[in-house]
Amino acid sequence: MSLFSSVVSVGILGLEYVDLHVSRLTGRVPMTMPVLMIEVTRRCNLRCAYCGYPGHYPDMGPELSTDELKGILRESRELHTRIVSFGGGEPFVRDDMVELIAFARTLGLQVHIDSNGTFVDESTVEGIPDGSDVAFIFSLDHPEPGTNDSVRGPGSHAGVTRACRLIRQGRPMISVGINCVVGAHNLDRLGDMVDLAVDLGVNSIKFLPLHQNQEHRFRYADSGVIPLDPGNQSLVRDAIVAARHRARRYGLHTSSARFVELAGTYQAEPRDWKCWAGYMFGNIDPYGNLFPCYEMMEPMVNVRDGGLVSAWRGPGMAALRSRAASCDRACLSAGSTEASLRMSPVEILRDPGQLVRDFRFFFSGNRR
């Protein structure tokens with residue numbers, strides 16, 4: 001990218017940033033939706049002990065088809081969407097994921113895929129051409145296969161480590177990250193997780209405290225949930241702080257300092273940061289329902305009824321957006337929380353280097 005193009009891009013991002021703030025202050029519909037999170041399926045081949053997929057969420061009919069998803073992606077460009085994140089369930093349970101990734105890239109979208117890694121084999125990697133516009137994020141909790149798989153399911157550890165090595169060897173420009181959920185099962189092994197990330201040659205490792213809100217809310221009464229006593233929150237925070245410092249020493253992209261701080265206090269209410277759900281990002285479930293976040297996932301607005309743009313700009317989403325803006329519930333979800341923190345000028349000034357590291361990981365491929 002030329003210097004002129006870079007300056008223009010930064011200028012456009014600045015205008016969109018201002019527009020989002022003005023929209024929130026005035027209550028009008030934002031002109032843009034920078035990030036689109038699409039949950040392409042709730043099917044999954046694993047049964048993570050602390051996850052509600054797929055058995056605990058209501059079934060709402062047929063999943064969005066390939067053509068429907070392509071239509072959503074096309075429309076997202078009208079909203080100046082820059083990043084599309086494919087998640088699940090396990091996205092690669094669908095046999096059209098490589099096709100959808102390729103299609104999104106032709107639209108100029110930056111593509112993120114959250115996966116458990118077990119379906120990412122040689123043919124999958126060969127089907128995705130190299131490029132810095134793709135980032136894979138894999139779920140892995142423990143350096144030891146036995147312990148990890150007792151939590152996430154048989155084959156999880158082998159699937160992630162194989163996928164990381166395949167992508168790093170065959171597609172060096174694609175960014176690769178690990179999401180590590182922190183709880184009683186791995187609190188004392190986070191440093192070893194950083195070492196494993198280095199050995200796998202990945203670019204990022206993020207630490208997410210185990211919590212019972214948002215997408216895990218259907219598991220409140222389930223005895224299979226991995227225990228994490230709220231009284232141990234300070235231990236969780238301290239463990240993540242130490243692991244974060246270790247990751248930074250290796251040059252890995254990792255959780256922001258502010259996110260780690262929140263990890264030790266997230267149950268305090270009201271929260272002291274603004275969530276930008278419904279402004280900076282929107283969520284679509286496998287059935288076409290559009291909503292700000294997983295605390296507001298009522299089937300009020302559906303893209304099947306008139307398309308993404310109409311849904312985003314319509315009265316139903318405006319009502320949900322207003323609820324999201326006034327919400328002060330204590331919650332902590334890595335994607336939405338980290339994105340929301342980047343919308344705060346105060347937070348940016350507290351750690352401007354984190355914003356630079358975010359851009360390098362998400363937009364610059366295999367470069368730290």
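The model is predicted, so local features need pLDDT of at least 70 and side-chain atom pairs count only at pLDDT 80 or more, while totals for chains, interfaces and linings use all residues. Residues are numbered from 1 along each chain as its sequence is written, and side-chain values use heavy atoms, with hydrogens and water left out.

Select strand S8, residues 281–284; strands (E, at least two residues) and helices (H or I, at least four) are DSSP runs numbered from the N terminus. Phe-281 and Asn-283 point one way and Gly-282 and Ile-284 the other, all of them buried, where buried means under 20% relative accessible area, exposed over 50% and partly exposed in between (1.4 Å probe, protein chains only).

Then show strand S9 (residues 290–291), antiparallel to S8 and joined to it by 2 bridges, with Asn-283 and Phe-291 as bridge partners.

Next, display Arg-105 and Asp-133, whose side chains meet in a salt bridge at 2.8 Å, N to O; the term requires a side-chain nitrogen of Lys or Arg within 4 Å of a carboxyl oxygen of Asp or Glu. Arg-105 is buried at 16% relative accessible area, whereas Asp-133, at 21%, is partly exposed.

Move on to Lys-206 and Glu-338, a salt bridge at 3.9 Å, N to O. Lys-206 lies in strand S6 (residues 204–209) and Glu-338 in helix H12 (residues 334–341), so the pair ties together parts 132 residues apart in sequence. Both residues, Lys-206 and Glu-338, are buried.

Finally, select Arg-43, Glu-63, Arg-94 and Asp-96, which are linked in a network of salt bridges.

Conventions:
Pairing = 2+ DSSP bridges.
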